[in-house]
Amino acid sequence: MDSNRLVIINKAREYLGVPYRHQGRTHLGLDCIGLLIAIWRDTGLAYDDFNGYGENADIKTMAKKLDKHFIRIRGEPLPGDVFWMRAIDGLERHLALYTENNTIIHSTNWGSKRVVEHRYTPQDKAKTFGILRWKGFID
């Protein structure tokens with residue numbers, strides 16, 4: 001596996017257990033995009049913060065911001081790619097990082113309400129509608 005992918009994954013694992021907090025960007029609390037922003041910040045990558053959004057993020061605005069930092073890919077994901085998923089309410093507004101162990105790392109506002117890592121299940125796959133790859137950092 002590319003070492004840059006491992007850097008992203010290991011940085012995400014440093015946030016495991018951090019509580020969910022809408023628009024959170026630190027170890028005090030993170031939401032799903034906040035986790036990605038924390039990784040960008042911690043690894044020295046340029047980023048645009050996604051702020052000022054409600055619990056039901058606008059999909060078009062989200063897509064425009066994501067397209068600045070990711071390319072959308074078809075086919076099988078690689079560790080370090082990001083899944084764009086439907087949230088528990090069915091809206092296309094959740095992000096999760098794919099790992100080398102067929103798990104995902106993400107901040108969730110349901111269940112444990114923290115940053116978690118768990119197996120990427122068939123149910124998760126059914127909720128995934130996009131695979132995003134970081135621009136200029138990997139591959």
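**A friendly note on the pockets, cores and strands of this model**

1. The second largest pocket in this predicted model has a volume of about 210 Å³. Among the 13 residues that line this pocket, Pro77, Phe83, Tyr120, Lys125 and Ile131 are the closest to its centre. Strand S8 (128-134) gives the largest share of the lining, four residues. As for the terms, a pocket is an open set of points on a 1 Å grid over the protein atoms alone, where a 1.4 Å probe fits, with protein on both sides within 12 Å along at least five of seven lines; lining residues have an atom within 4 Å of a point. The volume is the space filled by probe spheres set on the points, which are joined across faces, edges and corners.

2. Before going on, here is how to read the numbers. Residues are numbered from 1 along each chain as its sequence is written, and side-chain values use heavy atoms, with hydrogens and water left out. Since the model is predicted, local features need pLDDT of at least 70 and side-chain atom pairs count only at pLDDT 80 or more, while totals for chains, interfaces and linings use all residues. Helices (H or I, at least four residues) and strands (E, at least two) are DSSP runs, numbered from the N terminus.

3. Which residues of helix H1 (residues 3-13) are buried? They are Arg5, Ile8, Ile9, Lys11 and Ala12, where buried means under 20% relative accessible area with a 1.4 Å probe, protein chains only. Seen down the axis of H1, these residues fall within an arc of 160°, so they line one face of the helix; the arc is that of the directions from the helix axis to the C-beta atoms. Their cover includes helix H2 (32-42), strand S5 (92-98), strand S6 (103-107) and S8.

4. Now to the nonpolar cores, each a set of buried Ala, Val, Leu, Ile, Met, Phe, Trp, Tyr and Cys residues joined through side-chain atoms within 4.5 Å. The largest has 28 residues, and Leu66, Leu95, Leu97 and Trp134 have the most contacts inside it. H2 supplies the largest share of this core, eight residues. Leaving aside its neighbours within four places in sequence, Leu66 is in contact (heavy atoms within 4.5 Å) with Ile33, Phe50, Trp84, Leu95 and Leu132. A second, separate core of eight residues includes Ile73, Ala96, Tyr98 and Ile131.

5. Do look at Ile73, which lies in strand S3 (residues 70-73). Its relative accessibility is 17%, so Ile73 counts as buried. Ile73 and Arg133 are 60 residues apart in sequence, yet 6.9 Å apart in space, C-alpha to C-alpha.

6. Where does S5 sit? Six of its seven residues are buried, so S5 is largely enclosed by the rest of the structure. S5 pairs with S4 in the antiparallel sense over five bridges; two strands pair if DSSP finds at least two bridges between them. Glu92 in S5 is the bridge partner of Arg86. The hairpin of S4 and S5 has five residues between the strands, and Gly90 there takes a positive phi near 90°.

7. S5 and S6 run antiparallel, joined by two bridges, and Ile104 in S6 is the bridge partner of Tyr98. Both faces of S6 are covered, with Thr103, Ile105 and Ser107 buried on one side and Ile104 and His106 on the other. S6 also pairs with strand S7 (residues 115-119) in the antiparallel sense over five bridges.

How values were computed
Buried < 20%, exposed > 50% of the residue type's maximum accessible area, 1.4 Å probe, protein only.
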